[in-house]
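Reader: I have a structure open and have not looked at it before. Can you walk me through it?

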Amino acid sequence: MHTDSYRHRGLRRTLVEELRRKGIRDERVLAAIGTVPRHLFFDPAFQAHAYQDKAFPIGEGQTISQPYTVAYQTELLQLRPHDQVLEIGTGSGYQCCVLLELTSHVFSIEYQPVLFERTRKRMAALHRAAHLFCGDGSLGLPQHAPFDKILVTAGSPTIPRPLLRQLRVGGSLVIPVGDAHTQRMMRVVRESEEEFSRQVFEEFRFVPLLGQAGWNE
Ligand code: SAM
């Protein structure tokens with residue numbers, strides 16, 4: 001079941017070229033997309049969809065993000081090899097594995113227990129060593145803070161304060177912020193203990209960030 005073939009590697013090379021054409025520039029990010037076998041994050045019945053540049057349902061009303069979105073967010077993070085990074089919204093675990101290609105200190109938190117359990121098993125089977133948690137990631141992971149980078153892979157109505165507090169000075173948060181239909185990608189940098197700067201990028205459409213500092217259920 002966990003096989004990666006010559007054909008899959010070819011499909012990934014084609015996907016990487018597509019992402020390059022769409023504007024992804026960071027060669028380390030492109031190499032990570034070219035390395036992680038995205039088809040292994042799909043149910044076997046749907047693996048034929050894995051190398052299209054599209055989001056895809058993963059159950060529980062959630063999706064594996066479009067490869068372009070994964071590459072875009074990862075590029076904005078500007079990860080260095082020793083960065084400690086927190087991902088909010090583990091989902092299938094694919095983005096988490098892309099992050100693991102760029103730093104070995106990856107923490108990821110998922111809200112839906114069914115997805116958490118499935119992905120925990122998948123990551124173990126793939127021998128990918130991230131620190132996985134189940135809970136409300138809109139509150140971050142205070143027991144493991146501070147983080148150099150925080151990545152939110154669900155759409156948030158605002159920038160959750162707990163996440164800002166858990167950033168190291170000099171660190172950055174990448175998060176889509178907006179309403180239920182569209183969100184703007186934002187990067188917030190913690191310039192000092194009290195000062196933050198923000199940049200606004202392209203528009204995206206994510207599933208909602210639930211929880212206390214997200215869209216309250
Ligand atoms: N990064 C994922 C991947 O590579 O498959 C895709 C993430 S999907 C677009 C968004 C995920 O965020 C969903 O799995 C959803 O359950 C999760 N989520 C939503 N609100 C959350 C919260 N408060 N804490 C943690 N995860 C949350």
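Author: Start with S65, in the loop between β2 (62-64) and α3 (67-77). Keep in mind that this is a predicted model.

Reader: What does the UniProt annotation say about S65?

Author: The UniProt entry, which is unreviewed, marks S65 as "active site".

Reader: Is S65 buried or exposed?

Author: S65 counts as buried because its relative accessibility is 17%, and the cut-off for buried is under 20%.

Reader: Which residues does S65 touch, leaving out those up to four places away in sequence?

Author: With those left out, S65 touches R38, K54, A55, V70 and F206.

Reader: What comes just after α3?

Author: Q78 does, and it takes a positive phi of about 50 degrees.

Reader: Switching to the ligand. Which residues come nearest?

Author: There are 28 residues around the ligand, and E87, S92, E110, G137 and L210 come nearest.

Reader: What does E87 do there, in terms of atoms?

Author: One of its polar side-chain atoms lies 2.9 Å from a nitrogen atom of the ligand. G89 has a polar backbone atom 3.0 Å from a ligand nitrogen atom. For Q95, a backbone N or O atom is 3.0 Å from an oxygen atom of the ligand.

Reader: And how much of the ligand's accessible area does the protein cover?

Author: On its own the ligand has 600 Å² of accessible area, and the protein covers 100% of that.

Reader: Next topic, the inside. How many residues are in the largest nonpolar core?

Author: That core has 42 residues, and L19, I24, I33, F41 and Y94 have the most contacts inside it. Two or more residues each come from α1 (6-21), α2 (27-35), β1 (56-59), α3, α4 (94-100) and α5 (113-125).

Reader: Pick F41. What is it in contact with?

Author: Setting aside neighbours within four places in sequence, F41 is in contact with V36, I64, S92, G93, Y94, C97, R122 and L126. S92 has come up already, as one of the residues that come nearest to the ligand.

Reader: What about a second core?

Author: A separate one has 19 residues, including I88, L163, V177 and L209.

How values were computed
Residues numbered from 1 in each chain as written. Predicted model: local features only at pLDDT ≥ 70, side-chain atom pairs only at ≥ 80, totals over all residues. Heavy atoms only, no water. UniProt positions renumbered as here; feature names shortened; annotations may be inferred. Helix = DSSP H or I, 4+ residues; strand = E, 2+ residues; numbered from the N terminus. Buried < 20%, exposed > 50% of the residue type's maximum accessible area, 1.4 Å probe, protein only. Contact = heavy atoms within 4.5 Å. Near = heavy atom within 4 Å. Polar contact = N/O pair within 3.5 Å; in protein donor to acceptor, adjacent residues only side chain to side chain. Areas by Shrake-Rupley, 256 points an atom, 1.4 Å probe, with all protein chains shown as cover. Core = buried A, V, L, I, M, F, W, Y, C linked by side-chain atoms within 4.5 Å.
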